[in-house]
Every structure is written in C-alpha cells, then in structure tokens.
Amino acid sequence: ENENIPNWLGGEKMALVTLREITKYAIPEKYAVAAVTVFDPMFAEGVLCAAEDMRTPIIMMFGNTKVVNRPDYYPNFYNYLANRCRHSSVPVCLHLDHGPSYEACACALRVGATSVMIDGSMLPYEENVAVTRKVIEMAHACGVDVEAEIGHVGANTTSHEALGMDDHSIYTEPFMAKKFAEDTDCDALAVAIGTAPGLYKERPVLNLDVLKEIRKELDIPLVLHGASGLGEEDFSKVVEGGINKINICTALVVKTAKNMLSTAQNLPENSPHFPIAAANFQTAYEETKKHIRWFKTKQILPPMTEKRY
C-alpha cells in the first residue's frame, strides 16, 4: 500500500468529518476536494457512490432552495442525507453552502452539518466580520467548522443567480484576505479570482496571481465557487495555485437534466419512470468521478476493484 495515501478509515465505517479534517492533506499535497450541491436522494446517492468507488473524500452540500414547495421536504431530506453520510465508507463533510444568516447556519447545525458557510461577502467589511464571528462562536462550540467569504463571487448573466443583471466578480485582495482570516478565525475562506455561479457566456478569466498571493498569506483551506464553466486545464491551474475545495453545482444539474430529458423522451408509452431515475443517479455518478479526477483528489485507500452499482 502506498504510504503517501492517507488512511483515515482503519477498516471501519467513516463518520462525518469537519471541513478542516477533510481538507487537511489538501494544502501540502496540492489537491482539492469536490463539494457537490445535492437536491434529492437519487442525485445524492450518485455523488456519494462515486466518491466511495474512487476511495476519495467528498463534501456534500445543501442550501436554501424552493425546488419542492412543501415545508417538510428539505428538513426530512437533510436528515436522510446526514444519516447516509454517517454510514459512508469514505470521509464525508456535510456542508451548508451560502448560509444567508446566523439563523440559517444554526438550522444547519441542528440537522447534522459538520461545516457551514456564512456568506457576508456583500456586506461592509466590519459587518461581514461581525456576523462571521458570531456564527463561528456558535459553530465552534458544537465542533463544526465555518467557511466565510471575502470578495464577492459575482453571478453570470446566463445564470439564475444573476436575475438578469450584470454582476462581475470583485477580486479578493490578498492583504484583506489575511486580515479577514485573522479578524474572524474562520476555518476556510472562499475567494474571488474571476469565477461566478451558473453557466458562462464566454470563458472566464482567472486571476491566478491573486490566488497565489492569497495562498502565501494564509494557511487555511481556500475555496473556489462558480466552477461550472471551467475545464480540466483550468482546474489544474487553480489546484496548483492553492485551491482546496471546489464547489460544483450548475454543470452537474444541467447535464443531469439533459440526460433525464433524453431518457424520458425515449421511453415507450405507459412505461414506469425508473430509467429516468437511473439517469439521475448515473449522471451524478459519472460527472462526480470526472471532477474528482480533475481536482487531483488523493485516494484514502486503493480503489475498489469492482463497482457495486
């Protein structure tokens, strides 16, 4: 067995771990852990099974959404997700993405999150620090890590986040990133280097010099949001530059939707929906595996010789 491969399992099932724990090898060994936003059990299973079959850690993310108009759906889903992650054969961090408030982060802790993001990036600096410190005080008391953000990661005009408006990323200033980390004691920091959530009209321009300067200033995990428009070469550069957690959502859900639609259109009349559900699972599975490879995520044990699914 390769002694350079971390073995966190010891032959036992792996409980949920914190963000710091799941990225602790990522900084010195220059790789990133995939952080995938999940919305339903079948998609979530595809993501988890991909990580389990590749023997790599994974970050499962959830956030505020109104996809299902039923107040008890997502609380129940999050409880399912936390329980499923506890029984994973690889380390899993259950993470609240873009928590809009202290209250939202508190709710995430209640359902079992081991990491939360408080997004105060649109606030004035002092207000961002204040709300981040308040969330950190609560989360750390529960053994939970906190990701914060400085420098606004904008939204593309093609994405649902943009609401039809131009919204360009404001690059994170390295000296401000260092000051913010010192002022808040956050466990991970999301930085703006030219990416944006959603789909891109044109290829994004990454400011790798800013990233490298931030990496020199900080020894905590750095997070990249808005990665859906990037390709393998881009990911290689940002990982080499110091990114340790990469959020992916739009690229996966759009690809999944296309495959599910194609499957539905080819179903014989009066057929059950099972092939559509399978397309949901399989697309999440294959796309997650692809991104894990692109992120150069290190295995925790030798890969499985046989797929379970």
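Contact here means heavy atoms within 4.5 Å. In this predicted model, aspartate 183, when its neighbours within four places in sequence are left aside, is in contact with Tyr125, Val129 and Arg133.

**Overall composition**

The protein chain has eleven helices and eight strands, and buried residues make up 54% of its 309 residues. Of the contacts in the chain with a separation of 6 or more, 74% are accounted for by residues 24 or more positions apart.

Two packed helices are described by the angle between their axes and the distance between the axes.

| Helix pair | Angle between axes | Distance between axes |
|---|---|---|
| H6 (residues 125-141) and H7 (residues 174-184) | roughly 40° | within 9 Å |
| H3 (residues 41-54) and H11 (residues 274-294) | roughly 40° | within 7 Å |
| H3 and H4 (residues 73-86) | about 20° | 11 Å |

On the H6 side the contact is made by Tyr125, Asn128, Val129, Thr132, Arg133 and Ile136, and on the H7 side by Met176, Lys179, Phe180, Asp183 and Thr184. By class, the residues of this contact divide into five nonpolar, three polar and three charged.

Aspartate 183 has its place in helix H7, and because its relative accessibility is 25%, this residue counts as partly exposed.

The buried residues of H6 are Tyr125, Asn128, Val129, Val131, Thr132, Val135, Ile136, Met138 and Ala139. What covers these buried residues includes helix H5 (102-111), strand E4 (115-118), strand E5 (145-150) and H7. Just after H6, glycine 143 takes a positive phi of about 75°.

**H3 against H11 and H4**

Helix H3 takes part in two of the pairs in the table, one with H11 and one with H4. With their axes crossing at roughly 40°, H3 and H11 are therefore oblique to each other, and H3 passes H11 in a right-handed crossing. The residues of H3 that meet H11 are Met42, Phe43, Glu45, Gly46, Val47, Cys49, Ala50, Ala51, Asp53 and Met54, and their partners in H11 are Ala277, Asn280, Phe281, Ala284, Tyr285, Thr288, Lys289, Ile292 and Arg293. This contact of H3 with H11 has twelve nonpolar, three polar and four charged residues.

Threonine 288, whose place is in helix H11, has a relative accessibility of 1% and so counts as buried. Apart from neighbours within four places in sequence, threonine 288 is in contact with Val47, Ala50, Ile58 and Leu252.

The axes of H3 and H4 pack at an angle of about 20°; since an angle under 35 degrees counts as roughly parallel, these two helices are therefore roughly parallel to each other. Their crossing is right-handed. In this contact Pro41, Ala44, Glu45, Leu48, Cys49 and Glu52 of H3 meet Tyr73, Phe77, Tyr80, Leu81, Arg84 and Cys85 of H4, and the residues divide into nine nonpolar, no polar and three charged.

**Serine 115 in strand E4**

Strand E4 is among the elements that cover the buried residues of H6, and serine 115 is found in this strand. Serine 115 is itself buried, because its relative accessible area is 0%. Its contacts, leaving aside neighbours within four places in sequence, are with Leu19, Cys93, Leu94, His95, Leu96, Val144 and Asp145. One of these partners is cysteine 93; serine 115 and cysteine 93 are 22 residues apart in sequence and 6.9 Å apart in space, C-alpha to C-alpha.

Conventions
Residues numbered from 1 in each chain as written. Predicted model: local features only at pLDDT ≥ 70, side-chain atom pairs only at ≥ 80, totals over all residues. Heavy atoms only, no water. Axes fitted to C-alpha atoms, helices over the stretch in contact; angles between N-to-C directions. Helix = DSSP H or I, 4+ residues; strand = E, 2+ residues; numbered from the N terminus. Nonpolar A, V, L, I, M, F, W, Y, C, P; charged D, E, K, R; others polar. Parallel < 35°, antiparallel > 145°, perpendicular 65-115°, else oblique. Left-handed = near helix turned anticlockwise from the far one by under 90°. Buried < 20%, exposed > 50% of the residue type's maximum accessible area, 1.4 Å probe, protein only.
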